[in-house]
Amino acid sequence: MITLKVNGESRQFDGDGDMPLLWYLRDELALTGTKYSCGKGLCGSCTVHLNGSAVRSCVMTMAAVDGAEVTTIEGLGANEMHPLQVAWAENDVPQCGYCQPGQIMQAASLLAQNPSPDDKQIEDTMQGVICRCGTYSRIRKAIKSAAGGAS
Amino acid sequence: MSTQEYPVPVLPFERKAIAKAVNPEVTAFNHTRSVSRRDFLKAGSVLVIGVSLFGCSEGEREQVAETPAISGPWTPDVYVSFDAEGTVTIVSHRSEMGQGIKTSLPAVVADEMEADWNRVVVEQATGDKKFGDQSTGGSLSVISFFQRMREAGASVRLLLEQAAAQQWGVAVSECSAQQHKVVHKGSDKSADFRELLAVASQLPVPTPDQLTLKTPDQYRYIGKSMRIVDMHEMTHGTARYGADIRVPGMKFAAIARPPVVFGKVKSYDATKALAVKGVQAVVELPALEPPAVYKALGGVAVVADNSWAALKARDLLSVEWDNGANADYDSGRFKQALLEAVRQPGANQRNDGNFDEAQASAASTLEAEYYAPHLGHMMMEPPAAMADVRADFCEVWAPTQDPQSLVGMATAISGLPEDKVRINMSLLGSAFGRKGKGDYVNEALFLSKEVGAPVLVQWSREDEVRHGYYHTVSAQHLSVGLDESGKVTAWRHRLAYPSIMSTFNPAAKAPAKLELGQGVINLPYEIDNIRVEASEADAKVRIGWLRSVCTIFQSFAINAFSDEIAHARGLDPVENLLELLGPDRTIDLARFGMENKEGHPFQTGRLRGVIELVAEKAGWGRELPAGHGLGIAAQYSFDTYAAAVIEVAVGEDGSWRVPRVDFAIDCGQVVNVDRVKAQQEGAAVFGLSLARYGKLTMSNGRVDQGNFNDSRLVRFGMDPETHVHLVDSHLAPSGVGEPGVPPFAPALANAIFAATGKRIRELPIGIRI
């Protein structure tokens, strides 16, 4: 039996330990905000927080998350909007929106560890999350504005 | 039962007279709202316009109670309805795939009806012909529906003004709508829309000739920046895409498809797949027979309790394939065959003057060959769709660019009539043309009917890369003659590529007019002798359309070759482009067998305008650091005039990056400034991805690539600083989703020449020059 916390709630799972966390979140918990795109940890659409750090849930097996605390996009702004969610709106970031939960979770993890990242730190972190619509310049602005607001 | 029979769809390029296809009618909606305004507001999201939610005080509310109320929703137009509170629901009937249409067209309606945007709910339509054309492609949504949406809004505005006039016993001309109220000129009478609904709903809906549309100075939302209606959902994980529907009893499916198009299952062993926990069934799909259209590819499906079990078991299937006639496809050999083809004469597609004579008497000549490979769509959301085929009803949930094509598909597979079929449109996790082709919906419908449960078909990334409808592969040969003064007197453009039409008709082997009409036969250069020749090419994969379609490679060749002409003439590239374009005039497209579109004449002066604007704004001719170069390209496409100046920086090791892009866009009246700019920022990233990496290759009929590691996309940090310069205009609005892409690759190639002296005649460029 695998036990974990998802967005603060305790959960138990007795299925296939090889199942990636992504599919557990989406199919077992109906938390569909976390997106499938590559399945190989190449694009970052499925990014969630595992014990506070950004991970690719498509390559993180259930066996590997036993005892962990997981936060998904649904849990990020559950009580009040995260500064990044505000900044995302103010900078009109999304186009199709599909990769944006992954972008926001990646950026939230960065800001949690480094409240005032410089351009290089932002780039090094965010280059792992692909946006086919090409919203990168607005993501950059939004992260900087959220970081500025936080500091 | 067959997955194979349903009507051949209308392609998005084949623009029909669709703008007025639907007359206002009174009908109730039979679908649910996809935007929950209450959730949106409860979460404290930022609203576009800062006025109070209900736009009225408590006192006003008490007054309302005394006015007669409407008993149910009032729908004065197929796109517009009111509830008793006066909240307006505006239907977005096109597909939202990142271009912002779900905000922009409803904002046009709201503007003309003087609705307060805070009292507007946007509702996503189902696929239904009552909404007129819904095939979202060809950058057509605003082109086709701007006028219709204005009329819908103006019609409702007039009804409300008439109702106020009747209620107050004054002339209609003295009543005017302003932000969800009608006010009386000459008195202090004023009524909220809500108070007028009971009377207005009894009045006859005006005809278009009775309407007075706003003048541009009266626009409130048109020409401004409107925040997208799904902002809160998209940033909180509650926006719903194709694979996000959850209903009780649903199953999840993954499919092993034939690796070669038109291949068939010879035999298969499902023992290992069936042993996977959660697997419910293994089902063989019917083999695909030509034409491909939007039919399922065939193969073997695993249906399971969750996506993981389906995907894992699918990979454990042991399938022996009969690969069929396309197994000989080798894109390397095909490239050589296409290049050979364009070195020979092809069938004439345009023939002005006499190219051969002019070329023979030219003082000098110039020629070059261009090649561009297959491309995949690589949208972040791979195809996914859910279908529920029941005995008495059939329902589909899908990210689709063409919901009405799915109506025919669903009726054919379910055997049910149209009124027993519902096509729900989710958001699209981008599409770029791929999701106009509902093969993945066809699979879901077939499987749901087979297993008797709702089935969600999930494509993996590898499925998406290996089973697409690919952007075609092309070779082009360009040849010009110049006189002693350097003027171009003869121009010949030869092309060979598999046609999109091959997907619908296997006999279609030559580029079609709708493809060559994307910049080639309608070349606006003023040259006396122009010939276009096209050669046949077999399609060995399904050919589809990708954002900007044939202009991607056709604009690349024409603009890159134009730069070679500039160099040969010793002319500045901007000066050269303007000289080739010649004096301002309207191009008669009928001369080339194309349609002169009402409201959208092809005016070369507007192309000149964007060339001059982008050159000025980009600082054309400015001093650059060592290794940097500027390049320019211009393209008329999707009724819009676009030009780009790109700055490239090339390192000593041949590595390169794009520090800056300037776009000038003349798309007539801009509807949503922010979204038009966003589309061009996206076009720069899209253009850079295709110019740097874009290439799919095929061996033995199979796609060699599979995921983002070998079919790469531009990542964060590589994105250019993009400046978008919009021409201020009140002319008829035109497309904005695609026109930024075509000038990108040639402007980049020309910039690389300026920086290094090296010509780029083949795409992609790669990471080093």
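Predicted model: local features only at pLDDT ≥ 70, side-chain atom pairs only at ≥ 80, totals over all residues.

Tutor: Helices (H or I, at least four residues) and strands (E, at least two) are DSSP runs, numbered from the N terminus. Residues are numbered from 1 along each chain as its sequence is written, and chains are lettered from A and ligands numbered from 1 in the order in which they are written.

Student: Why is F592(B) called partly exposed?

Tutor: A residue is buried if 20 or more other C-beta atoms (placed from the backbone) lie within 10 Å of its own, exposed if 12 or fewer, and partly exposed in between. F592(B) has 18 other C-beta atoms within 10 Å, so it is partly exposed.

Student: Which residues is F592(B) in contact with, leaving aside its neighbours within four places in sequence?

Tutor: Those are R350(B), I521(B) and N522(B). Contact is when the C-beta atoms of two residues, placed from the backbone, lie within 7 Å. As for N351(B), 241 residues away along the chain, its C-alpha atom is 9.3 Å from that of F592(B).

Student: On to chain A. How do you know that its radius of gyration agrees with a compact globule?

Tutor: The radius is taken over C-alpha atoms, and the globule rule is 2.2 Å times the number of residues to the power 0.38. For 151 residues a compact globule would come out near 15 Å, and chain A has 15 Å, so the two agree. Its C-alpha atoms fill a box of roughly 45 × 30 × 25 Å along the principal axes, and 60% of the 151 residues are buried.

Student: What secondary structure does chain A have?

Tutor: Six helices and five strands, running β-β-α-β-β-β-α-α-α-α-α from the N terminus.

Student: What makes helix 1 of chain A mostly covered?

Tutor: Helix 1 (residues 21-28) has seven of its eight residues buried, W23(A) and Y24(A) among them. The cover comes from both chains: it includes strand 2 (9-13) and strand 5 (69-71) of chain A, plus strand 8 (251-256) and helix 8 of chain B. Just after helix 1 of chain A, A30(A) takes a positive phi of about 55°.

Student: How many residues of chain B are in contact with chain A?

Tutor: 52 residues of chain B, and they meet 49 residues of chain A. Helix 18 (673-692) of chain B is one of the elements giving two or more residues to that side of chain B, and helix 18 gives the most, seven residues.

Student: And what makes a set of residues a nonpolar core?

Tutor: The residues must be buried Ala, Val, Leu, Ile, Met, Phe, Trp, Tyr or Cys, joined through C-beta atoms within 7 Å. The largest core here has 286 residues, and A253(B) and V302(B) touch the most other members. Helix 4 (residues 141-168) of chain B gives the most to this core, with 13 residues. The contacts of V302(B) include A253(B), A310(B) and L317(B).

Student: At what angle do helix 3 and helix 4 of chain B pack?

Tutor: About 35°, with the axes 6 Å apart. Axes are lines fitted to C-alpha atoms, for helices over the stretch in contact, and angles run from 0 to 180 degrees between N-to-C directions.
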